[in-house]
2 protein chains.
Amino acid sequence: MRLLSNELQDHIGETVHLEGWLHKKRLLGGLTFINLRDRKGIVQAVIDDKAEADKLKGMQIGTVMVIDGKVVSEPRAPGGAELHDAKLEIMVPVEFEPPIEIDKPLSHKPENLDTLFEHRAIGLRNLDEAKVFLIRSNLLRLIRQFLYEHDFVEIQTPKLVANAAEGGAEVFKLDYFGKPASLAQSPQLYKQVMVGVFERVFEIGPAFRAEPSATTRHVSEVTMLDIEMAFINSHEDVLNMVQDMLYYTVTKIWEQYSSELKQLRAPEPVLKPQFPRYSMKQIHEMYQAANKVDMSGEIDLTPDEERWICEYAKEHDGCEAVFATDLPKPKMKFYHMSKDDDAALSADLLFRGLELATVPQREHRYDKLIDQMKASGLKPDDESYRFYLQAFKHGLPPHGGCGFGIDRLVEKTIGLGNIKEAILFPRDINRLTP
Amino acid sequence: MRLLSNELQDHIGETVHLEGWLHKKRLLGGLTFINLRDRKGIVQAVIDDKAEADKLKGMQIGTVMVIDGKVVSEPRAPGGAELHDAKLEIMVPVEFEPPIEIDKPLSHKPENLDTLFEHRAIGLRNLDEAKVFLIRSNLLRLIRQFLYEHDFVEIQTPKLVANAAEGGAEVFKLDYFGKPASLAQSPQLYKQVMVGVFERVFEIGPAFRAEPSATTRHVSEVTMLDIEMAFINSHEDVLNMVQDMLYYTVTKIWEQYSSELKQLRAPEPVLKPQFPRYSMKQIHEMYQAANKVDMSGEIDLTPDEERWICEYAKEHDGCEAVFATDLPKPKMKFYHMSKDDDAALSADLLFRGLELATVPQREHRYDKLIDQMKASGLKPDDESYRFYLQAFKHGLPPHGGCGFGIDRLVEKTIGLGNIKEAILFPRDINRLTP
């Protein structure tokens, strides 16, 4: 019966059976010390028998093996115990030296990122690297948990679409059995249609943007959480739902995975249940006053303002998540609801200096929506909008939602420096492999 | 405070506030009866006040409205209660007649499917239609629950790949910033690499196949559950995990959603915790004996054999899920493990006459894998296989898994006649919209 590394301390004095990968090997005072890695972590084993130690001759990191041994309490070992009198059996011999070191703490210097991604299949075996994606998986689990509890239904909408021109980003085009098609840059139109069915829907899936920029923020394939909820009383209802979800998720991940987060040196979150809200105009003014910079020409927040307002709110409001409300009209999309002549009923959710989501109320009135489409230069009678407009024509209630960047959430929760480090196999203008 | 339709019976005698869509309207003996739809179902309201009834003049199905009224017990009404003395308020007027009827039970005659999909945005407002996707969402919730409990980590792998030629199906090609790229037809290579990190991984996401066939089985975008698990003792471990997951999921959905499933006239499942296993050869022989048909030329199971063996197992083994084991060599892919000269260590999971998954053990030995790639006509030194082979070169333990068709599971759990009915917005050779 196989024991996992994290169960060791419950079996002190027993002889146990472990299986895993050779993760480290060193000689010390005539003894061979090895670290065995399995899905739960590391076990240290001491090999004193020469015949056993000889089995490791020529065996490299990654060798798959069995260790049987006696569990001995050892406060200095990972997990507080180690194996003595270890007997080895090689399951899968590995004779090649690993292309990169995997036994050191996470250190993603920007200049090393390319090497990191080139050898991703092996680099992910680094315990810290794996923790990033354990946290990611559990952030998604917590998000789903929150949304199920709030009566949301999960949907899957098509990624192959006739026309993906709803958002602004560049789209990937392809040939679909002789017809032109695009890859969906978001489930925007589909999820709005679906509030006509379930009122509250969400989707977690890939979204595709042909981003021609090579920066720490741009990738061409992202994982998006798309949320949409109907029968809202006001835009506030949407802001509160997204706020509560982020608060729940970040708080819970720190309850459940604090030791992993600490090992990754993730910054402890500074959050209040109610996130501070500042209008875009206020932020420009506050930033201008604090930094003696003229912001009068700016419509959108600059990256520096996004960092600054989160720092400001952390210090003054005790919360490093902030809503920048009243997004100015030039940022408004045709499916957003207008607030007044200057602003949309829309807010950016900023967390630790980065925009995680834009959270608008939608224009649900059929006639008004058509006017806004036309004003945006779109053709409402284009065949690809027919199903979308049909939902409005036959009654959609007031609703709102957001597209929430999962990769960005992982990046900022852990405190990584680049969105690509939060993605298993990232894609950008220069990278389509591995 | 808004009440939902399913909460009505707990408020008999109270005056309550409801919001939803006008779903049906009829006049009977001078009274107006309306059905209001919300995300939980239907509420019947009786309007006796003429001024209130007049508010509905010209208002069509889909009109978004508020009803305030007194809850009265009424065994003949949906939910055992209805609203009296109803006061109405129109939130979003709808003046257009619906393009299709949405107030009748599900009846998907093959000849009506195209109309159904053309008006999908409205047709999904049919209560039965919505139930299909409520069941779908919860099947996925249960699958995730099972896999989390069994220590699987959820991953997201790229859908934009340099080379998707691992499986056999036709792939969609596109231009990726001037380089040729494909849409992933499965996460096969990525998930195998990831067992080197987490041992047990799964992914639920879209997969793309440029299927040039127009049948009830073929769509070009599917939702796949991909599972992979390492440190198995034998192929049996993998079969058991997939079997247990299907048993858990189908059993639980019937515990939690039996009334919805009954309303959809879904057949009650006939399952045993241990699914019967017959070799492919046995099935050919049994079918031949029972049906007096010569099967000696057949390698794969015919669709009729798939139906027959599930019926047979239902009758003889009390289980309509079956493993067809020892898949013949011509069906074996390069990453499957060979059993002997004739068969692979691989089985098809059949449920109610349809293959849900192929469940093989993988070839984990580096040298053997390279031989099998070459024998399949692939070039192991192709740049796009480098990351994959790297994982084996540096040690992968014995492992296996499957690609499991979620759309097929939904179809068969509910007893639909066509995979497209289990997909919100299906894609096939003739359909790219809505």
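Two strands are taken to pair if DSSP finds at least two bridges between them, and helices (H or I, at least four residues) and strands (E, at least two) are DSSP runs, numbered from the N terminus. The structure described here is a predicted model, in which local features need pLDDT of at least 70 and side-chain atom pairs count only at pLDDT 80 or more, while totals for chains, interfaces and linings use all residues. Residues are numbered from 1 along each chain as its sequence is written, and chains are lettered from A and ligands numbered from 1 in the order in which they are written.

On these terms, strand 5 (residues 64-73) of chain B is paired with strand 6 of chain B in the antiparallel sense through nine bridges, and B:Lys70 lies opposite B:His84 of strand 6. Strand 6 (residues 81-92) of chain B also pairs with strand 4 (residues 41-47) of chain B, in the parallel sense and over two bridges, with B:Glu82 as the bridge partner of B:Gln44. Elsewhere in chain B, eight strands form an open sheet with mixed pairing, in the order 7-11-12-17-16-15-14-13. The edges of this sheet are strand 7 (153-154) and strand 13 (277-279) of chain B, each of which pairs on one side only. Within the sheet, strand 11 (residues 200-208) and strand 12 (residues 221-230) of chain B run antiparallel and are joined by nine bridges, and B:Glu203 is placed opposite B:Asp226 of strand 12.

Chain A contains 12 helices and 17 strands, and its C-alpha trace spans about 85 × 55 × 40 Å along its principal axes. A residue is called buried if 20 or more other C-beta atoms lie within 10 Å of its own, exposed if 12 or fewer, and partly exposed in between, with C-beta atoms placed from the backbone; by this criterion 50% of the 434 residues of chain A are buried. Two residues are in contact if their C-beta atoms, placed from the backbone, lie within 7 Å. Among contacts in chain A between residues at least 6 apart in sequence, 64% join residues that are at least 24 apart.

The two chains are related by symmetry. Copies were superposed by least squares on the C-alpha atoms of residues with pLDDT of at least 70 in both, and a rotation of 180° with 0.0 Å of shift along its axis places chain A on chain B with an RMSD of 0.0 Å. This is the relation of a two-fold axis, and the C-alpha of chain A nearest that axis, 2.5 Å from it, belongs to A:Leu174. Across the interface, 75 residues of chain A are in contact with 75 residues of chain B. Helix 4 (residues 127-149) of chain A provides the largest share of the side of chain A that touches chain B, namely seven residues. Because 100% of the interface residues of chain A are also interface residues in chain B, the copies meet through the same surface.

A nonpolar core is a set of buried Ala, Val, Leu, Ile, Met, Phe, Trp, Tyr and Cys residues joined through C-beta atoms within 7 Å. In the largest such core, which has 253 residues, A:Val242 and B:Val242 touch the most other members. When neighbours within four places in sequence are left aside, A:Val242 is in contact with A:Ile227, A:Leu349, A:Ala357, A:Val359 and A:Cys402.

Helix 11 (residues 386-393) of chain A is largely enclosed by the rest of the structure, because six of its eight residues are buried. These are A:Phe387, A:Tyr388, A:Gln390, A:Ala391, A:Phe392 and A:Lys393, and they pack against helix 5 (188-198) and helix 10 (366-375) of chain A, together with helix 3 (120-123) of chain B. Just after helix 11 of chain A, A:Gly395 has a positive phi of about 95°.

In chain B, helix 10 (residues 366-375) has B:Tyr366, B:Leu369, B:Gln372 and B:Met373 among its residues, and these are buried. The buried residues of helix 10 of chain B fall within an arc of 125° when seen down its axis, the arc being that of the directions from the helix axis to the C-beta atoms, so they line one face of the helix. On the other side of helix 10 of chain B, B:Asp367, B:Lys374 and B:Ala375 are exposed. The cover over its buried residues includes helix 11 (386-393) of chain B, and helix 10 of chain B is followed by B:Gly377, whose positive phi is near 85°.
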